[in-house]
Amino acid sequence: MATPARGRAHFVLPAYNEAASLPSLLRRIADVARTEQITVWVVDDGSSDGTGDVVEGMTDLAGLDVRLVRHPVNLGLGQAVQTGLRSALADAGEDDFIVVMDADDTHDPVLVTRLGNEILAGADVVICSRFVAGGDDKTAPLFRRMLSRGAAVLFRRVLGLVDVHDFTSGFRAYRVSLLTRASTHWGERLVEERGFACMVELLLKLRHCHPVITEVPLELQYDRKQGPSKLQLRRTIVQYVRLLARDRLTPAPYREL
């Protein structure tokens, strides 16, 4: 029996003032696209540094299929992720998968092969995890490392998702059919958080679809980051606590998703 082929990977890159980082990242994705089918969706979230113009100048990079979606004003990471997911879903085929990753060049796109293989093997969500064997985040600032680890312990214990070690990773792959089911149910409410908590929110909502979740090791390349971090520690902690409280108080969907 012939081995089924992997579908196209749709990279969603939510970008706010990433003009300095995107050229390097898009070139790295273009290198991977020599052996993988890839479409890139860059969501320019109201940047003021010419991020969209930089992307437009690279749309024919080595044959890489790059699509630009613009927000006239900054709406936050959550809405940028939502826009990217909806754009990709409108174009993706049933056998494709969607990869959300940071636009600051700290994630290695070569992992797309591993992600695609996990989806092909039956996973619905694949998390690039810093907290499994082979993963590493030592290049990140201490406060970010402590926040990510603390959030992982909190959500794992409270929610009982024992198969997940890295709840806050911004680098994940999703099966198209899973996102389609979730989007059909929640619509514009699929992602409501504006900040970094949106990645946890999406995972919490998807769990009602009973997905198969796996993790692959991620060596975070934070030393490649251009410019200051956009994470605001106090605000993000408040977002996590508020999200957890809302999740505990919100009833599960009334029907199977």
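Helices and strands are here DSSP runs, helices of at least four residues and strands of at least two, numbered from the N terminus. The model is a predicted one. With these elements in place, Asp-105 can be located in the loop between β4 and α4 (112–120). The phi of Asp-105 is positive, near 70 degrees, although the residue is not a glycine. Is Asp-105 buried or exposed? Residues under 20% relative accessible area are taken as buried, and Asp-105, at 4% relative accessibility, therefore counts as buried.

His-210 also has a positive phi, of about 55 degrees, without being a glycine. This residue belongs to the loop between α7 and β7 (213–217). The cut-off for an exposed residue is over 50%; since His-210 has 54% relative accessibility, it counts as exposed.

Attention may now turn to helix α5, which comprises residues 142–159, 18 residues in total. From its first C-alpha to its last, α5 reaches 26 Å, close to the 26 Å expected at 1.5 Å a residue. Which residues of α5 are buried? They are Arg-144, Leu-147, Ser-148, Ala-151, Ala-152, Phe-155 and Leu-159. These residues lie on the same side of α5, because they cover an arc of only 130 degrees around the axis. The spacing along the sequence is in keeping with a general rule: an α-helix has 3.6 residues a turn, so residues three or four places apart point the same way. On the other side of α5, Leu-142, Met-146 and Arg-157 are exposed. Just after the helix comes Gly-160, with a positive phi of about 70 degrees.

The buried residues of α5 pack against α7 (198–206) and α8 (233–249). For the pair α5 and α8, the axes are 11 Å apart and the packing angle is about 10 degrees. Angles under 35 degrees count as roughly parallel, and α5 and α8 are therefore roughly parallel to each other. On the α5 side, the contact is made by Phe-143, Leu-147, Ala-151, Leu-154, Phe-155, Val-158 and Leu-159. The α8 side contributes Leu-233, Thr-236, Ile-237, Tyr-240, Leu-244, Asp-247 and Arg-248. By class, the contact of α5 with α8 has eleven nonpolar, one polar and two charged residues.

Helix α7 also packs with helix α3 (residues 77–91), at an angle of about 50 degrees and with the axes 9 Å apart. What orientation do α3 and α7 therefore have to each other? They are oblique, as follows from the angle. In this contact, Leu-77, Gly-78, Val-81 and Leu-85 of α3 meet Cys-198, Met-199 and Leu-202 of α7. By class, the contact of α3 with α7 has six nonpolar, one polar and no charged residues.

After α6 comes Gly-187, with a positive phi near 60 degrees.

Note on methods. Residues are numbered from 1 along each chain as its sequence is written. This is a predicted model: local features need pLDDT of at least 70, side-chain atom pairs count only at pLDDT 80 or more; totals for chains, interfaces and linings use all residues. Side-chain values use heavy atoms; hydrogens and water are left out. The expected span of a helix is 1.5 Å times one less than its number of residues. Buried means under 20% relative accessible area, exposed over 50%, partly exposed in between (1.4 Å probe, protein chains only). The arc is that of the directions from the helix axis to the C-beta atoms. Contact means heavy atoms within 4.5 Å. Axes are lines fitted to C-alpha atoms, for helices over the stretch in contact, and angles run from 0 to 180 degrees between N-to-C directions. Angles under 35 degrees count as roughly parallel, over 145 as roughly antiparallel, 65 to 115 as roughly perpendicular and the rest as oblique. Ala, Val, Leu, Ile, Met, Phe, Trp, Tyr, Cys and Pro count as nonpolar, Asp, Glu, Lys and Arg as charged, and the others, Gly among them, as polar.
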